[in-house]
Every structure is written in structure tokens, then in C-alpha cells.
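I set down here what I looked up in this structure, entry by entry.

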Amino acid sequence: MKLVPASTIHFEEIAPSTICSYIASHPDAILLDVRTNGEYEGTANPNYGTLKGAINIPIQELSQRLSELDKYKDKEILVYCSHSHRSPQAAYLLTQNGFIKVVNMAGGMSVVQDTTCKK
């Protein structure tokens, strides 16, 4: 992904240490896992787990599959990956395509310690 001007970035970030409490206090948020299917399903090594109720659309497919998320344009979407390399790209893509409440989990699943919101 090419570098983009900071003024075009319009999403919030939350810390992985607060992810489970954040989800509990935002029960209507859509959870979007942009890792590969193997990472999402737990068959990749290492297995960092996934969040309960998450939708999996790998970052490589997201631009072609955005229409699957159209019904969530006015809802909060929390995006995450393993190390927070892919999720900021996904969050940016969403905001550039009319999604208005996008939140990125900084750090990714690799640093989530609380297992209460993992499946």
C-alpha cells in the first residue's frame, strides 16, 4: 500500500489490553478480522485465536468484497489482524469507502492477553 497523507486517515485506535472490555461496552460493534482464513480458523502457526463473533475477510480480498459489509456502513466496525500491519490498511480502505465508525485494534491478536472475548 502506498503512503497516504495523515489528513486522510479517519479512524480511531484502541489498545489490545482493553479489547474485551471494549467489545463488552460496544455490543453492536461489527468485528472484522482481516487475517488469512488459516489465521482466523486457528490452523496457522502460531495460533493467536480470534474474537467471538468476528467476520473474516482477508485484507487481500477486502476491496473486492466490500459490498458484503455495505449493510454495516453506519455501524461501528472494529478491525484487527495479528500484529496491526494489515488492519490499519483495512481501516483506511473502509473509511475511504464511506464507513464512518471505524476502529483499529493496535498491536493485533498477537498481544491480546485477555481470553474472555476469544472463541
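**Entry 1: disulfides.** I took a disulfide to be a pair of cysteine sulfur atoms within 2.5 Å. By this rule I counted one disulfide. I noted that the model is predicted, that local features need pLDDT of at least 70 and side-chain atom pairs pLDDT 80 or more, and that totals for chains, interfaces and linings use all residues. Residues are numbered from 1 along each chain as its sequence is written, and side-chain values use heavy atoms, with hydrogens and water left out.

Which cysteines does the disulfide join? I found C20 bonded to C117, with an S to S distance of 2.0 Å. The link of C20 and C117 is left-handed, at -65 degrees about the S-S bond. Because C20 lies in helix α1 (residues 19-25) and C117 in the segment after β5, the pair ties together parts that are 97 residues apart in sequence. Helices (H or I, at least four residues) and strands (E, at least two) are DSSP runs, numbered from the N terminus. I recorded both C20 and C117 as buried, where buried means under 20% relative accessible area, exposed over 50% and partly exposed in between (1.4 Å probe, protein chains only).

I then checked C81. Its sulfur is 15 Å from the closest cysteine sulfur, in C117, and is therefore too far for a bond. C81 is buried, with a relative accessible area of 0%.

**Entry 2: the sheet.** I traced five strands in an open sheet, in the order β1-β5-β4-β2-β3, with parallel pairing. Two strands pair if DSSP finds at least two bridges between them. The edges are held by β1 (12-14) and β3 (55-56); each has a single partner strand, so one side of each lacks a neighbour in the sheet. Between β4 (residues 76-80) and β5 (residues 101-105), which run parallel, I noted four bridges. L78 stands opposite V103 in β5.

Helix α4 (residues 87-96) lies across β2 (30-33), β4 and β5, and runs at about 175 degrees to β5. Axes are lines fitted to C-alpha atoms, for helices over the stretch in contact, and angles run from 0 to 180 degrees between N-to-C directions.

**Entry 3: nonpolar cores.** A nonpolar core is a set of buried Ala, Val, Leu, Ile, Met, Phe, Trp, Tyr and Cys residues joined through side-chain atoms within 4.5 Å. The largest has 19 residues, of which L32, L62, L69, I77, V79 and L94 touch the most other members. At least two residues come from each of β2, α3, β4 and α4, and α4 supplies the largest share, four residues. A second, separate core of 16 residues includes L31, Y80, V103 and V112.

For L69 I listed contacts (heavy atoms within 4.5 Å). Leaving aside neighbours within four places in sequence, L69 contacts L32, I55, I57, L62, L94 and F99.

Entry 4: Is R35 buried or exposed? I found R35 buried, with a relative accessible area of 0%, in the loop between β2 and α2 (37-41). Its side chain reaches the backbone oxygen of G49 at 2.8 Å. Beyond four places in sequence, the residues that R35 touches include Y40, Y48, N56, Y80, C81 and M109.

S63 is placed in helix α3 (residues 59-65). At 44% relative accessibility, S63 counts as partly exposed. The C-alpha atoms of S63 and A90 are separated by 8.7 Å, and the two residues are 27 apart along the chain.

Terms used. A polar contact is a pair of N or O atoms within 3.5 Å; within protein, one must be able to donate a hydrogen and the other to accept it, and residues adjacent in sequence count only if both atoms are side-chain atoms.
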